[in-house]
Amino acid sequence: MEFLWVEKYRPSKIDDCILPKNLKETFKQFVQSGELPNFLFCGTAGVGKTTVAKALCNEIGAEYLLINGSEESGIDVLRTKIKSFASTVSLTDAKKVVILDEADYLNPNSTQPALRAFIEEFSNNCRFIFTCNFKNKILEPLRSRCANIDFKISNSDKPKIASAFYRRAVEILNAEGIEFDQKVLVELITKHFPDYRRILNELQRYSVSGKIDSGILINASAESYKE
């Protein structure tokens, strides 16, 4: 069975996540405390919001429920999945966390107001981590009940993050036995930076031939022309 590389190589610890130093230190402090607040992670696609949410749960030993807001955005999701999960105590006494991915897709007239109430109702038993691309699409009463963290990469951090992307990509390509041209790899990373998910998906797609070389850039240009 073929696994998506973004899942196969998803970091399970904060230390292994590719993040600016200040963000990584912030999350490591939460891990050390063993306690999580409700979070709202905001940032562009592929910068590690969901990966960090999962890694936090993994490191503090929390049970989590992951729901994608772009696929399940109605109030019925709350009444079934979320409420049944959040209202019960873990059999192993583990903390419980609901991860709502792409929360900016959640209905602002029904689902988001209900979530605000759920955060308060289950505060003793469950935490919520929301991820979004656009913070302004999250209701203010919901934002105010969360620790807001922006996954921004400053200009000074960009070279370090890009280098970390390159090193991780090299590790993955070597693990998969894929030959690669260093210049082509750098160009592909530069093209899609900082969307690490897109970078990995593109590498996996073009690695079918067993190598990453200048041919993929020609193919990519041809595909772009067709579009």
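## Strand β3 and its faces

In this predicted model, Lys96, Val98 and Leu100 point to one side of β3, while Val97, Ile99 and Asp101 point to the other, and all are buried (under 20% relative accessible area with a 1.4 Å probe, protein chains only; exposed is over 50%, partly exposed in between). The strand covers residues 96-101, and six of its six residues are buried. In general, side chains of a regular strand alternate between the two faces of the sheet. Strands (E, at least two residues) and helices (H or I, at least four) are DSSP runs, numbered from the N terminus.

Residues are numbered from 1 along each chain as its sequence is written. Local features need pLDDT of at least 70, side-chain atom pairs count only at pLDDT 80 or more, and totals for chains, interfaces and linings use all residues, while side-chain values use heavy atoms, leaving out hydrogens and water.

## Neighbours of β3

β3 runs parallel to β2 (residues 63-68), joined to that strand by six bridges; pairing requires that DSSP finds at least two bridges between two strands. Leu100 in β3 stands opposite Ile67. Five bridges link β3 to β4 (residues 126-132), again in the parallel sense, and in β4 Phe130 is the bridge partner of Leu100. From β3 the chain passes through helix α5 (residues 111-121) to β4 in a right-handed β-α-β crossover (clockwise from the first strand over the helix to the second, with the strands pointing away from the viewer).

Ala53, in helix α3 (residues 49-60), is 47 residues from Leu100 in sequence and 9.7 Å from it in space, C-alpha to C-alpha. Ala53 is buried, with a relative accessible area of 0%. Leaving aside residues up to four places away in sequence, Ala53 touches Phe41, Ile99 and Ile129 (contact means heavy atoms within 4.5 Å).

## Helix α7

The 18 residues of α7 (residues 158-175) should span 26 Å at 1.5 Å a residue, and the end C-alpha atoms are 26 Å apart, which agrees; the expected span is 1.5 Å times one less than the number of residues. Buried residues in α7 are Ile161, Ala164, Phe165, Arg168, Ala169, Val170, Ile172 and Leu173. They pack against α1 (5-8), β6 (179-180), α8 (182-192), α9 (196-206) and β7 (211-212). Gly177, which follows α7, has a positive phi near 70°.

## Backbone exceptions

Most residues other than glycine have a negative phi, and most peptide bonds are trans. Asp93 has a positive phi near 65°; it lies in the loop between α4 (75-86) and β3 and counts as exposed at 66% relative accessibility. Glu102, with phi near 50°, is in the loop between β3 and α5 and is partly exposed at 25%. The peptide bond between Phe193 and Pro194 is cis, with omega about 5°; Pro194 sits in the loop between α8 and α9.

## Whole chain and confidence

The chain has ten helices and seven strands, and 44% of its 227 residues count as buried. A compact globule with 227 residues would have a radius of gyration near 17 Å, and the chain has 19 Å, which agrees (C-alpha atoms; the rule is 2.2 Å times the number of residues to the power 0.38).

Mean pLDDT, the predictor's confidence in each residue from 0 to 100, is 90 for the chain, and 93% of residues score at least 70. Confidence is highest in β1 (residues 39-42), at 98, and lowest in α10 (residues 214-226), at a mean of 53. Residues 221-227 have pLDDT below 50, and beyond near neighbours in sequence this stretch has two contacts in the model.
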